[in-house]
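Me: I am new to this structure and would like to learn how to read it. Could we go through some features in turn?

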Amino acid sequence: KGYHGHLCGSCNASASYALTKPFHCQLCGGSPAVVIGLLVVAGVMLLVLIKALCYFTLRENARGGSADPGDQLQATAILKPFVLYLQYILIVGSLNIDWPAPFAYPMHALSALFSSASGGTLSIGCVLSSTEKLPAATKQTVFYLVMPFVMMFALLLLECIIHAWIIRSKPGRSSLQQLPLPGNQAARGIRFGDRLFSNAIVVLFFFLPSLARTTFSLFACVRVDSPGHGVSGAAIGKFWLSDMSQQCYGGYHKPWALALGVPMV
């Protein structure tokens, strides 16, 4: 139920099923409005986590990479390995393996948190519809490639709001001077542009596995049948894993793979 097409690799959107990973269709939970609301909540939670890592990274950079004598461990020394661990769990969870419930539930929860970076528990495919010019598989790929830039813009907007609020609350002092850094001289040495650059690096750190997986998925194909086996001509050749109704490098797949995949690689 919910599967159709070559090798049962496509999802039945009319029955509210969406592709979360190759050959794995999942029933969409609720209406598109509910899914969008959950995606927004997950995006905000991810933004808070990214902002926290940006803040601690900036603070420790201003200290010259050295912790205070009383500090036992820097915050980034915990956050960075923790985020890296979460990314490894997401990669393992994206494999086509039927995990036991004690492993599957935590992976689903983690996938929901990172739903703006990769499909999983909450799939953007649940709110996308195919059109003649832009199929749902292409829209989903573009969504995951654009999300790092959207998150970067959200961080930029948040930085500007914080900067303006601190200046208004305490005229004559910049937001950099309000950071709990060891000494105003170090704080003044960090320009607003440096903060934005630090944010960009952290966003890239969060989204690099998702960008790599989405980019290479543009070239991921699987052979269905070979000529001369008495099969239907529509099932001969290789088909794109993200849309098993589309032959690889044929139809709309070729321009999108070349226009998006090659520059991203």
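Predicted model: local features only at pLDDT ≥ 70, side-chain atom pairs only at ≥ 80, totals over all residues.

Me: How many helices and strands does the protein chain have?

Reply: Start by counting elements, then read their order. The protein chain has seven helices and seven strands. Along the sequence they follow the pattern β-β-β-β-α-α-α-α-α-α-β-β-β-α.

Me: What share of the residues of the protein chain counts as buried?

Reply: Buried means under 20% relative accessible area. Of the 265 residues in the protein chain, 36% count as buried. The accessible surface comes to about 14,600 Å², and 67% of it belongs to carbon and sulfur atoms.

Me: Where do I see a hairpin, and which strands form it?

Reply: Look for paired strands and the turn that links them. Here β3 and β4 form a hairpin with two residues between them. Strand β3 covers residues 17-21 and strand β4 residues 24-27, and they pair in the antiparallel sense over four bridges. Tyr17 has Leu27 in β4 as its bridge partner. In the turn, Phe23 has a positive phi of about 60°.

Me: Is strand β3 mostly covered or mostly open?

Reply: Mostly covered: five of its five residues are buried.

Me: Which residues make the nonpolar surface patch?

Reply: Ile36, Val40, Val44 and Val48 make a patch of about 350 Å². Val44 is found in helix α1, which spans residues 32-62.

Note on methods: Residues numbered from 1 in each chain as written. Heavy atoms only, no water. Patch = residues over 30% accessible without salt bridge, like charges linked within 9 Å, V, L, I, M, F, W, Y side chains within 5 Å. Areas by Shrake-Rupley, 256 points an atom, 1.4 Å probe, with all protein chains shown as cover. Salt bridge = Lys/Arg side-chain N within 4 Å of Asp/Glu carboxyl O. Buried < 20%, exposed > 50% of the residue type's maximum accessible area, 1.4 Å probe, protein only. Pairing = 2+ DSSP bridges.
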